Structure formats: C-alpha cells, structure tokens
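Hello,

I am passing a structure on to you. Please look through it first; my notes on what was found follow below.

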Amino acid sequence: MITAADLPKTIAIFPLTGALLLPRSKLPLHIFEPRYLQMIEDCMKTPTRLIGMVQPRSGAGEGKLNSIGCAGRLTGFSETEDGRYMITLSGISRFRLGQESTGFSPYRKFDVHWVDFAADLGPAEHDPCLDRRHFISLLRRYFDEEDLRTDWENLGRAEDELLINSLSMLCPFGCEDKQALLEAPSLSTRRETLITLIEFALRGGNNEEMM
C-alpha cells in the first residue's frame, strides 16, 4: 500500500484526451506509441510504478495540459505478439502539476504536488445523500437514450464510491466534463456533477437550458 511518504516528487505524465482515472478505480489502457512503450518499461523499474494521467487542456494550444491529474500504479501488464502493451492502472491519488522536467526523455515528466489530495490515500468514500432509487432511475433513462448496456443488478449493489466513480469514468462525457468530475472535492460533489451532466444530456445538451 502506497503512503504519502512513498509518493515521488516527479512522475511520468501520460496525456490522454477523454481518459479519466480516479483514486481506488482501475483504468485499462492500450499502449502502442514507442515513447509510451518506453515510459511503461521505465515505470516498471521504479518502486511505486506510478504514471500520471492528465487530459490536454481544450483549446489551449498544443502541449498544454490541465493542472490536475491522477496518478495510477501499474498493476496489470501483458504484451502482445507485435510488441504493444495492455496495462491496468490502479488510481492512487490526484495531484497538481508543477514544473516540467527538462532532462532528456521521449515522454514528459513533471514535478507534482500531492498535498491538496491527502484524502485520496484514505479509505473509500461514502455518499450519505445519495438517493439510490432516484439515481438508478435517472441512469436507466440516460443509458436508454445513449444506447448503453450494463448489469443493472450488480450496478444496484455496488458501493457508493465504486458506483459513482465507475460511471464518471465510463459515461461518454466531454473532456471538460470529465475534468470537472476529476476535480470534484468529494464523492457527494462528484455525484451531484454526474447528475447534472446526465440531466443536461437528457435535455439534449442545450446550453441555454444548462445555464
């Protein structure tokens, strides 16, 4: 188990639009670019095996990243016959980007700051205000609208954090929406954001309605 004392000052960053990783959640990834194949190989040599997932910032120019991401520990790895990697990252903690490292590397590295997200290393969160019946009913309407499928029995039994975080990661929201879900300060806030996004989608995504 990784503690605050184990968190490194500098980590490799994997910028990926639309990819959301949250603490205590799992993200499967398919790695094929040579620079990121090298990143995985280098990561496996480190004690914590951490990689930082960060979304590029929408409309901010090439190479610009959002200031907050989430670090995942490399916990699953397999190699295909043609040299690609199939990996799984297990979310550990969010971070705030600091200075980019200037040393040579085919991929980007940043100094990162963990202090604002100490709770990410703690136990799973609960959402005491979650109205599960209303939430699942809303979710069924959204899944029907988006032609999505799920195991409703298992979904209904999922713990609060697993339910809310899994939906945040898997639902087809835009990049800015995914970033808002990542930056939510608590599980309750993330659930409120998720409901707002679902209701917005069900209204047809009309900006005037959203306002």
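**Surroundings of S168**

Apart from its neighbours within four places in sequence, S168 touches L20, L22, F173, K178, L181, R190 and L194. Please keep in mind that this is a predicted model.

S168 itself sits in helix α4, which covers residues 160-170. Is S168 buried or exposed? The relative accessible area of S168 is 0%, and buried means under 20%, so S168 counts as buried.

**The chain as a whole**

Seven helices and six strands make up the secondary structure of the chain. Read from the N terminus, the order of the elements is β-β-α-β-β-β-β-α-α-α-α-α-α.

On overall dimensions, the C-alpha atoms occupy a box of roughly 50 × 40 × 35 Å along the principal axes.

Of the 211 residues, 43% are buried. When contacts between residues at least 6 apart in sequence are considered, 66% of them join residues at least 24 apart.

Regards

Notes:
Residues are numbered from 1 along each chain as its sequence is written. This is a predicted model: local features need pLDDT of at least 70, side-chain atom pairs count only at pLDDT 80 or more; totals for chains, interfaces and linings use all residues. Side-chain values use heavy atoms; hydrogens and water are left out. Helices (H or I, at least four residues) and strands (E, at least two) are DSSP runs, numbered from the N terminus. Buried means under 20% relative accessible area, exposed over 50%, partly exposed in between (1.4 Å probe, protein chains only). Contact means heavy atoms within 4.5 Å.
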